[in-house]
Amino acid sequence: MPRPDLVIRTTEEADWQAVRALRLEMLRDTPLAYGETLATALDADEATWRARAARGTTPRQTSIVAIDGERWIGHMGGYIPDATSGPMLVGVYVAPEHRGDEAGVSRRLLEAVEHWAREFGGTLRLEVHEHNPRAIRFYEKLGFTLTGRSREYELAPGGLELEMIKPLH
């Protein structure tokens, strides 16, 4: 159960060290879930991490974190890839000990991303690796459905990224 002082907020440039630590945790936990390798993330310089942290304050994108006391326990981001596709959910992560319906962290993060996304369209899209059934079930539980569209996953081990979509009410 999240502590009463659970904070859901956007990131800013000054958060770069915490953003870096959380991203490295994400990549170690589920490397297949992100379009980046741990090695690439470890090689990124401070300017890159500052820019990533600033996504929470940048137009047409967002970066939202869950902080339980001092511990950063979750992240969801969003961006607008192009004028026709609408908002896309990316960088989804909740620390293992804070996962599940009872904890409510993922739902609170998603509510914040959906609030942001409504400015840009009536649906929220995401891509999930075909060999990540836990994530697919999680997204289905949150109201996403498979569209039948897919694309090649560009990193090893390859495979497909499956598109899912959720209407925003």
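Let's start with burial: a residue is called buried under 20% relative accessible area, exposed over 50%, and partly exposed in between, using a 1.4 Å probe and protein chains only. What we have is a predicted model, so local features need pLDDT of at least 70 and side-chain atom pairs count only at pLDDT 80 or more, while totals for chains, interfaces and linings use all residues. Residues are numbered from 1 along each chain as its sequence is written, and side-chain values use heavy atoms, with hydrogens and water left out.

With that in hand, look at threonine 30. It has a relative accessible area of 13%, so it counts as buried. You'll find threonine 30 in the loop between helix H1 (16-29) and helix H2 (38-43); helices here are DSSP runs of H or I with at least four residues, strands are runs of E with at least two, and numbering goes from the N terminus. Leaving out residues up to four places away in sequence, threonine 30 touches Asn132 and Arg134, where contact means heavy atoms within 4.5 Å. Its C-alpha atom is also separated by 8.9 Å from that of tyrosine 93, 63 residues apart along the chain.

Now on to helix H3, residues 46-53. Which of its residues are buried? They are Trp49, Arg52 and Ala53. These three cover an arc of only 95° around the axis, so they sit on the same side of H3; the arc is taken from the directions from the helix axis to the C-beta atoms. The buried residues of H3 pack against H1 and H2. Two of them also meet as charge and ring: arginine 52 lies over the face of tryptophan 49, at 4.5 Å from the ring centre. That label requires NZ of Lys or CZ of Arg within 6 Å of the ring centre and within 35 degrees of the ring normal.

Rings also meet rings. Those of Phe, Tyr and Trp (its six-membered ring) pair if their centres lie within 6.5 Å, with planes under 30 degrees apart called stacked, over 60 edge-to-face and the rest tilted. By this rule there are 3 aromatic pairs. One of them joins tryptophan 116 and phenylalanine 120, tilted, at 5.1 Å centre to centre and 50° between the planes. Tryptophan 116 is buried at 9% relative accessible area, whereas phenylalanine 120 is partly exposed at 29%. Phenylalanine 138 and tyrosine 139 form another tilted pair, 5.2 Å centre to centre with 55° between the planes. Here phenylalanine 138 is partly exposed at 22%, and tyrosine 139 is buried at 8%. Ring pairs link Phe138, Tyr139 and Phe144 into a cluster.
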